[in-house]
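User: I am new to reading protein models. Please take me through some features one at a time, with the general idea before the case.

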Amino acid sequence: MRIKIKKKKINNNEQRKIIENGIYNICKYFYDLPEIGSLDNSELQLSYYDKGCLFRQHSDGVTVNLCSIIIYLNKDYKKEYGGLLLLNGEEIIPEFGNIGFMDLSKSDISHGVSEVTGGPGRYAILCFPKLKTSSPFAL
């Protein structure tokens, strides 16, 4: 049986701007970013994991991404539904209000997603912000 993880680019300009502002504020908390336009959020996605979907534990290696941000959208999600973010031995329940953050600028973090076994599926906004090369903050 072949299982697909559905991903869709977020193209609605108004929604995208709201999400990008939030992502900038999250990054600003962790990094000394000069201005809101210093991030490239071209990899902003909405993802859905249906029953049977998983993402095997792995490390990305060297990347140009500053970090990885996962914003969960499911309300009342239960741990027994699966779809948990596996992050350095910890499990993060993909429930509304939980955010997964991985600093990729300094470390290669082992991560994955456990198999979704029930419930409504796992909805999340994913972003892999990079510093714009024209930014004075670029590494």
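User: Which side chains does E43 meet in a salt bridge?

Analyst: To call a salt bridge, look for a side-chain nitrogen of Lys or Arg within 4 Å of a carboxyl oxygen of Asp or Glu. In this predicted model, E43 meets K130 in this way, with N to O at 2.3 Å. The pair links distant parts of the chain, 87 residues apart. E43 sits in the loop between β2 (39-40) and β3 (45-49), while K130 belongs to strand β11 (residues 130-131).

User: Is K130 buried or exposed?

Analyst: Buried means under 20% relative accessible area, and exposed means over 50%, with partly exposed in between. K130 has 16% relative accessibility, so K130 counts as buried.

User: How many salt bridges does the structure hold?

Analyst: The structure holds three. Another of them joins E20 and R16, at 3.1 Å from N to O. Both residues lie in helix α1 (residues 13-30), four residues apart, which is about one turn of the helix. R16 is buried, at 15% relative accessible area, whereas E20 is partly exposed, at 25%.

User: Which residue forms a salt bridge with E91?

Analyst: That residue is K79, and the closest N and O atoms are 3.0 Å apart. This pair also links distant parts of the chain: E91 is in strand β7 and K79 is in the loop between β5 and β6, twelve residues apart. E91 is partly exposed at 45% relative accessibility, and K79 is partly exposed with a relative accessible area of 45%.

User: Strand β7 has come up. In what order do the strands of its open sheet stand?

Analyst: The general idea is that strands of a sheet pair through backbone hydrogen bonds, either parallel or antiparallel. Here four strands form an open sheet in the order β4-β9-β6-β7, and the pairing is antiparallel. β4 (55-58) and β7 stand at the edges with a single partner strand each, so one side of each has no neighbour in the sheet. On average, neighbouring strands of this sheet are turned by 20 degrees against each other, direction ignored.

User: How many bridges join β6 to β7?

Analyst: Three bridges join these antiparallel strands. As for the residues involved, L87 has E90 in β7 as its bridge partner.

User: Which residues make the nonpolar surface patch?

Analyst: For a nonpolar patch, look for nonpolar side chains within 5 Å of one another, on residues with over 30% relative accessible area. In this model, L46, L73, F96 and Y123 make a patch of about 340 Å². Y123 is found in strand β10 (residues 122-127). Its relative accessible area is 35%, so Y123 is partly exposed.

Note on methods:
Residues are numbered from 1 along each chain as its sequence is written. This is a predicted model: local features need pLDDT of at least 70, side-chain atom pairs count only at pLDDT 80 or more; totals for chains, interfaces and linings use all residues. Side-chain values use heavy atoms; hydrogens and water are left out. Patches are made of residues with over 30% relative accessible area and no salt bridge: like charges are joined within 9 Å, nonpolar side chains (Val, Leu, Ile, Met, Phe, Trp, Tyr) within 5 Å. Accessible areas come from the Shrake-Rupley method with a 1.4 Å probe; for residues, only the protein chains shown count as cover. Helices (H or I, at least four residues) and strands (E, at least two) are DSSP runs, numbered from the N terminus. Buried means under 20% relative accessible area, exposed over 50%, partly exposed in between (1.4 Å probe, protein chains only). Two strands pair if DSSP finds at least two bridges between them. Axes are lines fitted to C-alpha atoms, for helices over the stretch in contact, and angles run from 0 to 180 degrees between N-to-C directions.
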